[in-house]
Structures are given as C-alpha cells and as structure tokens.
Amino acid sequence: MEILALAILEPFPGKEDELVEMLRELYEMLFRKGYSRDTLYRDPKRSGTLVHLRHWTSMQSRDEAQQDPEVHKYWLRLPELCKLTAVHEELELVVKF
C-alpha cells in the first residue's frame with residue numbers, strides 16, 4: 001500500500017536550479033531502487049515555492065530508504081539549498097473519485 005508524503009520547499013536565493021537538479025537525481029535514484037515515485041511542482045502564485053509529492057511504494061520501502069546511506073547523502077544537502085516550510089510524512093486518503 002502506497003504512502004503519500006508532501007513537503008513545501010523554499011529554495012534559498014540563487015539555489016533553485018541546484019535544488020531542482022539535486023532533487024531530480026534523488027528522485028531517479030529512489031525510483032530505480034523501487035522506494036518511491038516523486039513529483040515536484042512550482043506554485044505559480046507563490047514565487048519561490050516548490051511542492052514535493054512522494055508516493056512511497058510501501059511502509060517497508062520507506063523504512064529501507066530511511067536507512068540507505070545513498071539516500072542520506074541527498075537529504076543532508078537539503079538544508080544547504082532550501083528551507084522546508086511544511087512536511088507531511090504520511091497522509092491518509094479521505095476521499096478519492
């Protein structure tokens with residue numbers, strides 16, 4: 001059963017391109033390892049705000065990713081590139097059409 005996570009990121013001045021490229025690499029690696037599929041959106045109404053959605057493939061894959069040193073390399077870079085203004089680790093589905 002997939003787990004949906006959401007984060008709001010605000011890149012530091014001059015760091016957006018570097019952040020997007022780093023996230024692209026991270027997303028590719030997470031997908032290749034079967035941990036998740038990820039999507040990054042830009043909020044056109046809030047300049048400098050990125051919305052990240054992650055669909056963990058399972059609770060087990062999320063736990064494995066959290067222990068993976070290769071994943072940690074990327075997560076450790078985030079504070080250098082952006083401010084995380086909101087993080088929702090696990091969202092429950094309420095209604096789906």
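**Note on the salt bridges**

1. A search of the whole structure, which is a predicted model, finds ten salt bridges.

2. Arg42 and Glu16 form a salt bridge in which the closest N and O atoms are 2.3 Å apart. Because Arg42 belongs to strand β2 (residues 36-42) and Glu16 to helix α1 (residues 16-32), this pair ties together parts that are 26 residues apart in sequence. Of the two partners, Arg42 counts as exposed, with 55% relative accessibility, whereas Glu16, at 23%, counts as partly exposed.

3. A salt bridge also links Arg77 with Glu18, and here the closest N and O atoms are 3.3 Å apart. Arg77 sits in helix α3 (residues 69-81) and Glu18 in helix α1, so the pair ties together parts that lie 59 residues apart in sequence. Arg77 is partly exposed, its relative accessible area being 27%, and Glu18 likewise counts as partly exposed, at 35% relative accessibility.

4. Within helix α1, Glu21 and Arg24 are three residues apart, and therefore separated by about one helical turn; their side chains meet in a salt bridge at 2.9 Å, N to O. Glu21 has a relative accessible area of 37% and is partly exposed, while Arg24, at 42% relative accessibility, counts as partly exposed.

Definitions and conventions: Residues numbered from 1 in each chain as written. Predicted model: local features only at pLDDT ≥ 70, side-chain atom pairs only at ≥ 80, totals over all residues. Heavy atoms only, no water. Salt bridge = Lys/Arg side-chain N within 4 Å of Asp/Glu carboxyl O. Helix = DSSP H or I, 4+ residues; strand = E, 2+ residues; numbered from the N terminus. Buried < 20%, exposed > 50% of the residue type's maximum accessible area, 1.4 Å probe, protein only.
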